[in-house]
Amino acid sequence: MNAAASAEASAHPEAPDAPAWRAWCASLSWAVPLGAAVLLAGNSMGYYDAPSLAASGAGLGVTHPPGHPLWVALAAVASLVPVGTVALRIALLGGVCLAATGLAVFHLAHRFVGAVLARGPLPPHAGAVTALVSMSAAWGATLGVASMRQATRVEVYALALALCVGVLAVLCAPSLSRAARVRLAVVLLGLAGCNHTFIALTAMPAALALIALDLWRDAPRARRFVLAALPLAVCSLVPYLLLPLRARAAASLVRV
């Protein structure tokens, strides 16, 4: 941890950490959702948009609007994994995204719960309590019916959830410098837009507010942070090139 991150961490105290509890609970936060998603993943084409999405993913084509270029690229890679049917292979991608969401929620909750506990008299075994509550939050976000249903079939929503929660987790990570937080958040937000534009917009207000707060806290270097983030923002939108390049592919549903 660099000096700037250490100073910021001291300005925002947390409850005493329990490294062993934190490591185990963090591992279970992603391993349990991943295991559940793998066991429940569908082996058939599924329903609603799943058949068309499976075809577009396997054939590297363009889906229905807004096109979901990032998801298509990842689904095309997942379809090459020699396990079960193509639908199962792409559905397993949702399980990986659900695992990433669980880990991101754990770190978000750990930061929040630790800060809350540090404001008053600490309970016994505060570090273990913080880790267990954070793990419970991760499971609550990933093991519900809605989350599990979207992560065990061919759909774009598990990836959208992972990216949006990931943006917030990065912006609240005390171990990263302000510059690193801004840059990583901009990249993840751009990638979220390449997956599902409208869902990314729901995460944008909170993300922009946290980015603005980081810039305000380090006003002398704010301009440099912004100038460094702009090229990364442009690079994160590269998956959109898939739309014109593959619009007329056999697996494309629309011609854009």
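# A guided walk among the helices

Guide: Let us start with helix α4, whose buried residues pack against α3, α5, α8 (157–171), α9 (178–195) and α12 (242–246). Please keep in mind that this is a predicted model.

Visitor: What makes α4 "mostly covered"?

Guide: Of its 10 residues, 7 are buried. They are Pro 69, Leu 70, Trp 71, Val 72, Ala 75, Ala 76 and Ala 78. The word "buried" is used for a relative accessible area under 20%.

Visitor: Which residues of α4 and α5 meet each other?

Guide: From α4 come Trp 71, Leu 74, Ala 75 and Ala 78, and from α5 come Arg 89, Ile 90 and Leu 93. By class, that contact has 6 nonpolar residues, no polar ones and 1 charged.

Visitor: How is a pair of packed helices described?

Guide: Two values are used: the angle between the axes and the distance between them. For α4 and α5, the angle is about 120° and the axes are 8 Å apart.

Visitor: Why are α4 and α5 called oblique to each other?

Guide: Their angle is about 120°. The roughly perpendicular range runs from 65 to 115 degrees, and roughly antiparallel begins over 145. The value falls between those two ranges, and therefore α4 and α5 count as oblique. As for handedness, α4 passes α5 in a right-handed crossing.

Visitor: Which residues meet in the contact of α2 with α6?

Guide: On the α2 side you will find Trp 21, Arg 22, Cys 25, Leu 28, Ser 29, Val 32 and Pro 33. They meet Ala 128, Ala 131, Leu 132, Met 135, Ala 138, Trp 139 and Thr 142 in α6. Sorted by class, the contact has 11 nonpolar, 2 polar and 1 charged residues.

Visitor: Now for helix α3. Which of its residues are buried?

Guide: In α3 (residues 50–58), the buried ones are Ala 50, Leu 53, Ala 54, Ser 56 and Gly 57.

Visitor: How do you know that the buried residues of α3 line one face of the helix?

Guide: Look down the axis of α3: the buried residues fall within an arc of 165°, so they line one face. These residues pack against α4 (69–78) and α5 (86–117).

Visitor: What is there to see in the loop between α3 and α4?

Guide: Leu 60 is one of the residues in that loop, and it lies just after α3. Leu 60 has a positive phi of about 50°, although it is not a glycine. His 68 also has its place in the loop between α3 and α4. Phi of His 68 is near 50°, again a positive value in a residue other than glycine.

Visitor: Why is Leu 60 called partly exposed, while His 68 is called buried?

Guide: The relative accessible area of Leu 60 is 31%. His 68 has a value of 2%, and because buried means under 20%, His 68 is buried.

Visitor: Where is the cis peptide bond?

Guide: A cis peptide bond joins Pro 65 and Pro 66, with omega about 10°. Pro 66 is in the loop between α3 and α4.

Visitor: How do you know whether Val 113 is buried or exposed?

Guide: Val 113 is found in helix α5. Its relative accessibility is 14%, and with the cut-off for buried at under 20%, Val 113 counts as buried. Not counting residues up to four places away in sequence, Val 113 touches Thr 130 and Val 133.

Visitor: What makes Tyr 157 partly exposed?

Guide: Tyr 157, in helix α8, has 32% relative accessibility. That value lies between 20% and 50%, so Tyr 157 counts as partly exposed. Leaving aside its neighbours within four places in sequence, Tyr 157 is in contact with Gln 150, His 196 and Ile 199. The C-alpha atoms of Tyr 157 and Ser 147 are separated by 8.6 Å, and the two residues are 10 apart along the chain.

Methods
Residues are numbered from 1 along each chain as its sequence is written. This is a predicted model: local features need pLDDT of at least 70, side-chain atom pairs count only at pLDDT 80 or more; totals for chains, interfaces and linings use all residues. Side-chain values use heavy atoms; hydrogens and water are left out. Buried means under 20% relative accessible area, exposed over 50%, partly exposed in between (1.4 Å probe, protein chains only). Helices (H or I, at least four residues) and strands (E, at least two) are DSSP runs, numbered from the N terminus. The arc is that of the directions from the helix axis to the C-beta atoms. Contact means heavy atoms within 4.5 Å. Axes are lines fitted to C-alpha atoms, for helices over the stretch in contact, and angles run from 0 to 180 degrees between N-to-C directions. Angles under 35 degrees count as roughly parallel, over 145 as roughly antiparallel, 65 to 115 as roughly perpendicular and the rest as oblique. A crossing is left-handed if the near helix is turned anticlockwise from the far one by less than a right angle, and right-handed if clockwise. Ala, Val, Leu, Ile, Met, Phe, Trp, Tyr, Cys and Pro count as nonpolar, Asp, Glu, Lys and Arg as charged, and the others, Gly among them, as polar.
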